[in-house]
Amino acid sequence: MPCIRSGTPDEIINLLLSSECEFALMFAKVNTPQIEYRRLFPEQMTLVCHPDLWKECKSASHDKTLKKLVKKYGYISSVGALLNRRPSRVLVELFGELPPLSLEVNSQESQKRFCMAKEGVTYLAHFMVKKEIEEGKLFAIPVEHSHEFHLWLARPKGKFLSLNARTFLKHFDPELEF
């Protein structure tokens, strides 16, 4: 039976290594020799907040509005994102410095929900927030350079995937070989 779990990259890798999961789909790679990774495709990222927060903090420019917003409400982060080198670099590029945290959450879906509840600013894959932006539930904050993160397929080396797992993964890439 399919099961979907969320967690930090380290938690997910531990589930793979303990055979509790057959594979993982992740935006971050953990350097572990027992795991092999295959790049699936890039995902465009979007910085978002609740529209009311953007209006409340509105200043003379988008940059000033963003600084005011992040100072007042903070950044909703993945667990440990400010400790890892790549996410920290990305956040410095977005904000000019590491932003103050309002929350650390181990699920991007939860990050989105907290953001919609006016708890701060977060940076998520565009596909996750597209509908909410279109419906006016979230505001896409204009940034000079948005990023792309790659979605990775992670699985234990030398283990074969079940027919159900292979069939599911073919939806991401019909030519994916296992």
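How many helices and strands are there in the protein? There are 7 helices and 7 strands, where helices (H or I, at least four residues) and strands (E, at least two) are DSSP runs numbered from the N terminus.

This is a predicted model, in which local features need pLDDT of at least 70 and side-chain atom pairs count only at pLDDT 80 or more, while totals for chains, interfaces and linings use all residues. Residues are numbered from 1 along each chain as its sequence is written, and side-chain values use heavy atoms, with hydrogens and water left out.

**Figure 1. Overall view of the protein.** Along the sequence the elements follow the pattern α-β-β-α-α-β-α-β-α-β-α-β-β-α. The C-alpha trace spans about 55 × 30 × 25 Å along its principal axes. Of the 178 residues, 39% count as buried (under 20% relative accessible area; exposed is over 50%, partly exposed in between; 1.4 Å probe, protein chains only).

**Figure 2. Helix α1 and its cover.** Helix α1 comprises residues 9-17, and its residues Ile12, Ile13, Leu15 and Leu16 are buried. These residues lie on the same side of α1, because they cover an arc of only 155° around the axis (the arc of the directions from the helix axis to the C-beta atoms). The cover of the buried residues includes β1 (24-26), β2 (35-49) and β7 (148-156), with contact meaning heavy atoms within 4.5 Å. Just after α1, Ser19 has a positive phi of about 65°.

Figure 3. The 12 residues of α3 (residues 62-73) should span 16 Å at 1.5 Å a residue, and the end C-alpha atoms are 16 Å apart, which agrees; the expected span is 1.5 Å times one less than the number of residues. Thr65, Leu66, Leu69 and Val70 are the buried residues of α3. Their arc around the axis is only 125°, so they sit on the same side of α3. On the face turned away from this buried side are the exposed residues Asp63, Lys64, Lys67, Lys71 and Lys72.

Figure 4. The largest share of the lining, 6 residues, comes from α3, and α3 and α4 (85-95) each supply at least two residues.
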